[in-house]
Amino acid sequence: MTETKRTERAHGTRAKGLSTEQAQTSREQYGANIIKARKTKSFARRFFENLGDPVIRILLAALGVNLIFVFRGGDLAETIGIGISVFLAAFISALSESGGENAFRRLSGECERQEYRVWRDGRLCRIPIEEIVVGDTVLLGAGEKAPADGYVVSGALTVDQSSITGESKEVKKTPDGDKQPLPSSGRAVFRGCNVFSGEAELEIFAVGDDSFLGKISIEVQTDTRESPLKIRLAKLAKQISRIGYGAAFLIAFAYLFNCFVIDSGFAPSAILLKITDVEYLLQNLLHAFMLGLTIVVVAVPEGLPMMIAVVLSSNIRRMVRDNVLVRKPVGIEAAGSMNLLFTDKTGTLTAGKMSVDRILTANGKQYSVPSLMRAAPAVGELYLASCRCNTSADISGDTAVGGNGTERALLESVIGLCGSPRPAVGRRLPFDSALKYSAAEAVMGGRRTVLVKGAPERLMPHVRKCLLPDGRTVGFSENKRAFNSAVAEMCSSGKRLLMIAVADEMATAVYIPPLTLVCAVSLGDPLRPEARRSVDELRGAGIGVVMITGDSKQTAEAIARGCGIIGGERKRVVDGEELARMSDGELERLLPSLAVVARALPTDKSRLVRVAQNAGLVVGMTGDGINDAPALKCADIGFAMGSGTDVARDAGDIIILDNNLASIVKAVLYGRNIFKSIRKFITLQLTMNFCAVGISMIGPFIGIDAPVTVVQMLWINIIMDTLGGLAFAGEAPSPLCMKERPKRRDEPILNGYMVNQIVLLGGFTVALCLFFLLSPSIGGHFRYAPDKIYLLTAFFALFIFTSVLNCFNCRSDRLSMLTGISKNPAFIAIMALICIVQIIFVYLGGSILRTMPLTLQELGFTLLLSLSVIPAEFLRRFVWRIMGKSNGF
């Protein structure tokens with residue numbers, strides 16, 4: 001009862017709130033104050049759904065065929081390897097898809113289960129948060145969180161809306177503010193916002209899923225569209241399937257043609273006799289079928305899922321050193337495909353902290369703080385006194401604390417000049433947003449001086465005199481034109497202006513005495529030094545940059561010009577109201593020329609992402625507040641700021657630890673490098689598969705049943721899958737990637753350059769291997785044995801050496817295969833290891849690997865012959881360039 005009386009005294013006579021019956025009716029009509037969780041998929045369900053991925057489906061088919069072969073004495077190790085690849089690929093995909101649930105759990109935790117003071121049945125009582133309904137009157141004080149969305153009906157609050165807007169500034173809410181359900185409203189308080197100071201009564205207008213926070217929670221629980229990499233892998237699976245099935249049919253047909261036609265000497269009677277022999281027919285049909293299945297299995301790059309996991313994890317570790325923390329691995333590659341970035345201004349393009357830019361004296365001259373102290377000491381002394389005395393901020397170490405952002409910026413501008421004790425301060429009039437000025441009495445030089453600071457439009461009508469840089473005090477009228485002209489110029493550049501003056505009398509809330517102008521101070525959130533370079537790099541990489549801000553059009557345009565966002569085709573600056581009037585079709589047509597969205601509303605980001613995606617673009621979005629979470633989740637790549645809310649970080653794909661646009665540039669570079677690494681690895685795998693299939697299938701037709709044994713093929717698979725993946729995972733990003741245009745979202749992984757390299761380099765390698773096996777001149781370089789063991793040992797070494805050299809051929813699309821090799825020492829080490837192990841196998845493999853020791857001359861000749869793939873690949877690239885074809889990967 002005591003609390004009720006105290007509240008009534010503070011807020012006056014008031015209605016008694018809802019009755020229990022009215023609260024029940026409201027609950028039935030508007031629902032309970034609970035943010036409902038959408039039914040989500042379990043991890044196990046996501047795992048099994050990912051087994052339906054096109055590449056994984058092919059691997060599962062290959063696994064099934066291998067299991068059949070295992071029971072017929074096939075290769076168990078390869079079967080286990082395919083099984084592990086399938087498991088890891090599905091597991092990692094399921095893990096990366098859980099981000100939406102994490103973001104929702106964060107949202108649910110923004111208002112922990114607690115009780116609030118609510119007027120019910122004429123009494124102030126405490127009820128749980130979920131029992132608050134629309135129409136309730138809630139008493140809210142300092143340190144509490146708003147339990148639902150409501151309008152202030154009495155009292156006043158200063159609230160922290162950073163969890164909603166991402167802007168870390170205090171916002172005052174009073175009954176006199178505009179009554180709109182938006183964070184910009186001077187009256188609305190939203191669920192989850194902390195109260196800094198004051199006490200007020202809220203009339204609740206939205207609860208649960210209908211609250212600002214609830215609507216966002218619904219959006220962050222929605223599934224996002226498939227990543228560009230997933231779409232491309234699906235296309236690759238179809239391409240490989242067609243190639244595999246086509247090759248399987250040809251090989252099976254060739255085998256049957258050999259058995260029934262060639263072996264019969266093309267005699268119709270002999271052919272008919274074989275066809276009518278049911279046992280012979282079924283035996284060869286089964287063998288042809290198994291040959292076809294073998295081709296399908298060999299054609300599948302079973303090491304691809306494992307390689308993607310390795311290359312992603314390898315780059316994730318590197319990216320942390322560049323202030324880029326990856327939450328969802330597929331997000332890295334999506335960053336490389338991005339062709340439109342919507343970016344915040346505060347903290348991303350700018351430093352995110354107010355600071356003093358220039359100081360304008362009464363005669364229209366501009367100074368930095370140090371130059372003011374040297375050139376105009378009289379003005380500088382009063383500026384220093386105003387910053388130290390007319391403020392609510394204080395100095396802690398080398399930073400300012402307390403007060404508002406403007407007072408901290410002013411005080412920090414003079415921290416290095418505070419050698420002498422601060423003047424004694426008497427009466428003070430703290431800054432108030434309604435008054436737009438503050439004042440303080442200070443004792444300077446033995447006399448009392450009143451220091452006044454505030455908005456120019458508020459203080460200018462009271463200025464009678466001014467202090468010039470030379471220390472003279474003159475009438476203001478003779479300098480007014482020069483001063484006003486300089487003020488107008490500063491305002492047009494988007495800076496915030498504050499006037500500093502002195503008076504003989506103390507100012508009050510209702511009286512401003514005659515003033516003597518000291519100076520005007522230009523404050524702003526300065527551009528990061530690297531902002532313009534970063535924007536230029538993104539634009540040079542074919543990525544459009546659009547700034548979204550809550551600032552006015554004038555301020556936003558000045559900042560966008562300063563960092564280079566406005567330029568070229570991108571010149572349009574629109575505000576939230578103009579955007580709202582546009583249809584989606586009009587907005588889509590505007591996108592190529594859009595540079596800035598000013599006075600943006602919380603819903604504008606999600607709409608911009610949706611429209612851009614419908615236009616076929618791969619969209620990136622930056623954000624740090626709860627209201628940014630839906631757009632971060634919806635975008636193809638969400639860049640959450642490290643200083644942002646937990647909800648934003650959980651909804652994003654990548655966290656930018658230093659809030660810097662330059663780090664987003666690095667993320668794009670890594671993303672493009674990863675896609676190139678995947679393409680290089682696929683080129684290597686398909687080239688080696690081409691060779692292995694070609695040799696294995698042609699061998700029986702030239703009298704060599706097994707040019708490569710099962711155990712040898714296992715070693716080849718280890719090179720292709722595991723060691724090759726590790727080698728290409730270490731490829732360092734090349735700045736040349738940022739000179740290329742972004743890849744289309746649906747651009748296939750296999751491009752013309754890759755197909756050309758696979759067919760021609762693979763074909764040359766197959767031809768080299770066949771020439772090695774069939775040419776008498778080659779056979780003469782090796783010792784004779786009835787079973788050709790020395791020739792076959794050398795052939796095994798030749799195949800591995802050409803594979804190693806083809807790894808070098810596939811790692812670069814430039815004329816020199818050694819370009820950038822020094823930045824990937826692991827590649828050299830792995831290739832050297834393969835060669836060393838292969839030489840050991842030659843000398844110690846014995847019957848297990850079907851090898852016999854070669855002489856140094858024989859081994860050297862084999863190695864020399866394998867080197868021929870280098871000039872062959874160089875010639876292919878040279879011809880490709882002469883033909884004017886687009887460059888490589």
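This is a predicted model: local features need pLDDT of at least 70, side-chain atom pairs count only at pLDDT 80 or more; totals for chains, interfaces and linings use all residues.
Welcome! In the largest cavity of this structure, helix 26 supplies the largest share of the lining, four residues.

**Cavities**

- Searching the whole structure turns up four cavities of 30 Å³ or more.
- The volume of the largest cavity is about 70 Å³.
- Its lining is made up of R232, E333, G336, S337, G671, R672, F675, K676, E740, R741, P742 and K743.
- Two or more residues of that lining come from each of helix 13 (330–337) and helix 26 (661–698).
- Two of the lining residues, R232 and F675, also meet in another way: R232 lies over the face of F675, at 4.6 Å from the ring centre.

**Aromatic rings**

- To describe a pair of aromatic rings, one gives the distance of the centres and the angle of the planes.
- F782 belongs to the loop between helix 29 (776–779) and helix 30 (789–810), while F861 sits in helix 33 (residues 856–866), so the pair ties together parts that are 79 residues apart in sequence.
- F782 has a relative accessible area of 7%, and so it is buried.
- Both of these rings are also members of a cluster, in which ring pairs link F772, F782, F795, F799 and F861.

- An open sheet is formed by eight strands, in the order 8-26-25-24-9-21-23-22, with mixed pairing.
- At the edges of this sheet are strand 8 (324–326) and strand 22 (572–575), each of which pairs on one side only.
- From one strand to the next, the twist averages 20°.
- Within the sheet order, strands 26 and 25 are listed side by side; strand 25 (residues 637–641) and strand 26 (residues 654–656) pair in the parallel sense over three bridges.
- Across that pairing, M641 stands opposite I656 in strand 26.
- Elsewhere, strand 1 (residues 115–120) pairs with strand 2 (residues 123–128) in the antiparallel sense, over six bridges.
- Here two arginines face each other, as R120 stands opposite R123 in strand 2.
- Strand 1 and strand 2 form a hairpin with two residues between the strands, and D121 takes a positive phi near 55° there.

**Backbone angles worth a look**

- R599 is not a glycine, yet its phi is positive, at about 45°.
- You will find R599 in the loop between strand 23 (594–598) and helix 23 (604–614).
- With a relative accessibility of 48%, R599 counts as partly exposed.
- R850 is not a glycine either, and its phi is positive too, at about 55°.
- Look for R850 in the loop between helix 32 (846–849) and helix 33.

Definitions and conventions: Residues are numbered from 1 along each chain as its sequence is written. Side-chain values use heavy atoms; hydrogens and water are left out. Buried means under 20% relative accessible area, exposed over 50%, partly exposed in between (1.4 Å probe, protein chains only). Rings of Phe, Tyr and Trp (its six-membered ring) pair if their centres lie within 6.5 Å; planes under 30 degrees apart count as stacked, over 60 as edge-to-face and the rest as tilted. A charge sits over a ring if NZ of Lys or CZ of Arg is within 6 Å of the ring centre and within 35 degrees of the ring normal. Two strands pair if DSSP finds at least two bridges between them. Axes are lines fitted to C-alpha atoms, for helices over the stretch in contact, and angles run from 0 to 180 degrees between N-to-C directions. On a 1 Å grid over the protein atoms alone, a cavity is a set of points where a 1.4 Å probe fits but cannot get out, and a pocket is an open set with protein on both sides within 12 Å along at least five of seven lines; lining residues have an atom within 4 Å of a point. Grid points are joined across faces, edges and corners, and a volume is the space filled by probe spheres set on the points.
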